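Here is a short briefing to read with the structure open beside you. Please take a moment to turn the model around before moving on to the notes.

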Amino acid sequence: MSENTSKKNQYIFPCVTTRDVIVHPKMTVKFDVVRPKSLAALKEALNGDRHVFLTAQIDSSISEPTADDVYKIGTVCEIKQIVNLSDGISRVRVQGVYRAKLCSLFDEGDALSAEVKIMNTFSKEKMPQEELDALVRVAKTAFEAYSVVVPRMPDELKSSVMRSKTPTELYENLAFNIAMSTQDRQQVLEAASLGEKLAILLAILTRETQIMSIENDIHLKVSAAIDRSQREYYLREEMQVIRRELGEDDSPEDEGYEYLTKISNLGLNEECVEKLVSEVNRLTKMPYGSQEAAVIRSYLDTVIELPWNESTKDNIDIEKVSAQLDKDHFGMKKVKDRILELLSVRALTDDVKGQILLLVGPPGVGKTSIGRSIAKALGRKYVRVSLGGVRDESDIRGHRKTYIGSMPGRIINAVKQAGTNNPLILLDEIDKMANDFRGDPSSAMLEVLDSEQNKEFRDHYIELPFDLSNVLFVTTANSLDTISAPLLDRMEVIELPSYTREEKFEIAKRHLIPKQVKNNGLNGNKIRFSDAGVYELIDFYTREAGVRTLERLIASICRKAAKEIVLKEAARVSVTPEIVEKYLGVRKYTDDLRSQTAQVGEVNGMAWTAVGGTLMPLEVMTMDGKGVLELTGSLGDVMKESAKIAVSYARSVADKYGIDKDFYTKKDIHIHAPEGAVPKDGPSAGVTLATGLISELSGIKVRADVAMTGEITLRGKVLAIGGLREKTMAAYKAGIKTVIVPAANKPDLEEVDDKVKQSLEFVFAETIEDVLEVALEKNSAGDKASGMDGVNLYKKNDKLIGARLDGAEKR
């Protein structure tokens, strides 16, 4: 029952909050009622004047709505019919009477009631009549387009809308009949004037027409694809039945269907799928045993076996990776740091592409094995590709599949072998590739090792773009000289120098000895290598940059020890220097030559070789003659030029060291560098030549416990040299106490072995005068030098490791 309140046009009605049901005035709607409070409100309305206030919920999932959960504008409706269904459900038919605004919502326990303010169906029209008429026409046109895209639109509705004579009639036909969302229908109900309602309906029609058009296009495309697939499926099923009846079960179509299934599971792009499907179609049209069919079948098998979307997840635990690398290899700090940097970046971003490393160094230093260790630490698959002696471009890019026996190139084969699209591929001996009339394989490698191009690498055999940007390429080389400049530019070069004596010792103790002891069936109780025995092997039985020969010698000792143990000649073998000589024979190499006592004209130089550092003593002798300069010992052109510079410098300081000014016309000078059969060259012997020459001409002895290296200029400056790490290790091994090196090489001291730094006194020279002040003995016959003025020495751990950086200024 409605109840008039004290306020004008405000009434209290039983209230039903609806879910997605909105009723307009004059609109008849049926809906089901389940909630007890709504049923009680309907019953209360039936007992009164059959009027009830309907308002829609903002969120239909709420079971007990409050005033904040419903729209403020609703409709007062008259109940026309209630039919009680099963399970407590009642179906209600109502007709809208007028709009009303919710003022208050009361919860009376068993039912809701609402105080509402009556509103006109349409407010006073503000829109001019001409504009309203135009709006009616546009709305009819929009409805006509809407009816085209809406399926199963009733003809009666089309006719009633198009024949609407008044704006009100058009509004009722549209608002009551077209499908709208709850929000759109509520927006139409809340609009005040007829013009506003029609404008909203026009916008809804236009939007729905566009959406339905897009949906229809999508539906047509999907239907066409499904129809084509179903048609092919039915035809193939019929063909299979016919062939079974004829006893031809193994048909090309069956095989083609299997290939199509596998291709669809690869997840390839449209270009690749079209290419492979065309190959399958060709296969199905060929006799099963034909030669061409075998070529296509081999091609499809190869493509399907490639790991297009298979990858492994990197282990980005920096500490674990670092521990694994340290466990597998001793030293190699630069390589390990670079891998840890890569992992650190990958931990911050997944988009890390184009990681191409080139490890260059002498044979046997672990370039190949570190690649396997990196893959193991990262958790990636590892594949090694040997490029030594490769001459044909097709080895890299593959052969055209038109040829019988054609196959993919080594790169695609490596990826296939790995089974993932992000393995670590080790390209071994990249500097050993050659070229001939069949092409240049190093040019083919340009695309493989270019991070901007290899994401779409096309093998000649596969003929499809394969993404290599996720592959970690590690290449190895012994020399950079034979690698083309464009190829070298694509790689990050990491140099691996030869192992020092101490590094070889640590590698032997940590890796080589345990490995060979295990391989030869021994254990720590049966054989033990003493430190002296290991040093004996390193110093007198090997001359190499790496440790391959050392490992072979250790294996030989283990075998001989195993033989003695089996023959019961010994229960346990302790490998000492004496045992090494017993098993391997006399020493193969002797100690480096060096000056044993202070002498005139004999100087200990230091040299770098491919197998490490070595001492290189120089001997200078003068005789009466005509100023002839004789150089022996297989010296190269650069070293000969250094000797001439030394002579000129000696002439310039003749007065200071008591040297006859005319020695270059009265004395023949002979400079010799043993061993004579070993070729020698390079500028780093400049200070050694100058020191020996001045010593010989002045009669001042050179200290036997000093070794030196450095290039000199005509003005006596000492320039930087290379190989400091190896040279100082050779001096340490030979028992030298003091080494003189260029001041410019002071930063390189970080690379020198800690044991060497603790045992040697380092003097950093800027000029040859700094060298002479340390190298020449004081108080010896003919000594004209001025003592140790200008020498700046500092101590660390009670060891002189000094610097000689200010001598020239203090003199």
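This is a predicted model: local features need pLDDT of at least 70, side-chain atom pairs count only at pLDDT 80 or more; totals for chains, interfaces and linings use all residues.

**Aromatic rings**

- Tyr171 pairs with Phe176 in an edge-to-face arrangement, with 6.5 Å from centre to centre and 65° between the planes.
- Phe176, the partner of Tyr171 in that pair, is partly exposed at 21% relative accessibility.
- Which residues do ring pairs link into a cluster? They are Phe122, Tyr171 and Phe176.
- Trp308 and Phe466 make a tilted pair, because their ring centres are 5.0 Å apart and their planes meet at 55°.
- Trp308 sits in the loop between helix H9 (291-305) and helix H10 (318-328), while Phe466 belongs to strand S12 (residues 465-466), so this pair ties together parts that are 158 residues apart in sequence.
- Are Trp308 and Phe466 buried or exposed? Both are buried.
- The count of aromatic pairs comes to nine.

**The chain as a whole**

- The protein chain has 27 helices and 27 strands.
- Its radius of gyration is 48 Å, well over the 28 Å from the globule rule for 811 residues, so the chain is more spread out than a compact globule.
- Along the principal axes, the C-alpha trace spans about 145 × 85 × 65 Å.
- How much of the chain counts as buried? The share is 48% of the 811 residues.
- Among contacts with a separation of 6 or more, 71% are between residues 24 or more positions apart.
- The chain exposes about 40,300 Å², and 50% of that area is supplied by carbon and sulfur atoms.
- There are 112 positive and 124 negative charges, and their mean positions are 3 Å apart.

- Lys197 lies in helix H6 (residues 194-246).
- Is Lys197 buried or exposed? With 1% relative accessibility, Lys197 counts as buried.
- Leaving aside neighbours within four places in sequence, Lys197 is in contact with Arg99, Thr121, Phe122, Tyr171, Val188, Leu189, Ala191 and Ala192. Phe122 and Tyr171 also belong to the ring cluster described above.
- The C-alpha atoms of Lys197 and Leu358 are 74 Å apart, and these residues are separated by 161 residues along the chain.

**Val295 and its neighbours**

- Val295 is part of helix H9, and at 18% relative accessibility Val295 counts as buried.
- Not counting residues up to four places away in sequence, Val295 touches Lys401 and Tyr461.

**Backbone points to look at**

- Most residues other than glycine have a negative phi, and most peptide bonds are trans.
- Asp20 has a positive phi, near 60°. Asp20 is in the loop between strand S2 (10-18) and strand S3 (28-33), and at 48% relative accessibility Asp20 counts as partly exposed.
- Ser634 also has a phi near 60°. The loop that holds Ser634 runs between strand S19 (629-632) and helix H21 (637-652), and Ser634 is partly exposed with a relative accessible area of 36%.
- Which peptide bond is cis, with omega near -5°? That is the bond from Pro674 to Glu675.
- Glu675 is found in the loop between strand S20 (667-672) and helix H23 (686-698).

**An exposed loop residue**

- Ala744 lies in the loop between strand S24 (738-742) and helix H25 (754-759).
- With a relative accessible area of 52%, Ala744 is exposed, because the cut-off for exposed is over 50%.
- The C-alpha atoms of Ala744 and Leu719 are separated by 6.9 Å, and the two residues are 25 residues apart along the chain.

Definitions and conventions
Residues are numbered from 1 along each chain as its sequence is written. Side-chain values use heavy atoms; hydrogens and water are left out. Helices (H or I, at least four residues) and strands (E, at least two) are DSSP runs, numbered from the N terminus. The radius of gyration is taken over C-alpha atoms; the globule rule is 2.2 Å times the number of residues to the power 0.38. Buried means under 20% relative accessible area, exposed over 50%, partly exposed in between (1.4 Å probe, protein chains only). Contact means heavy atoms within 4.5 Å. Accessible areas come from the Shrake-Rupley method with a 1.4 Å probe; for residues, only the protein chains shown count as cover. Lys and Arg count as positive and Asp and Glu as negative; His and the chain ends are not counted. The place of a charge is taken as NZ of Lys, CZ of Arg, CG of Asp or CD of Glu. Rings of Phe, Tyr and Trp (its six-membered ring) pair if their centres lie within 6.5 Å; planes under 30 degrees apart count as stacked, over 60 as edge-to-face and the rest as tilted.
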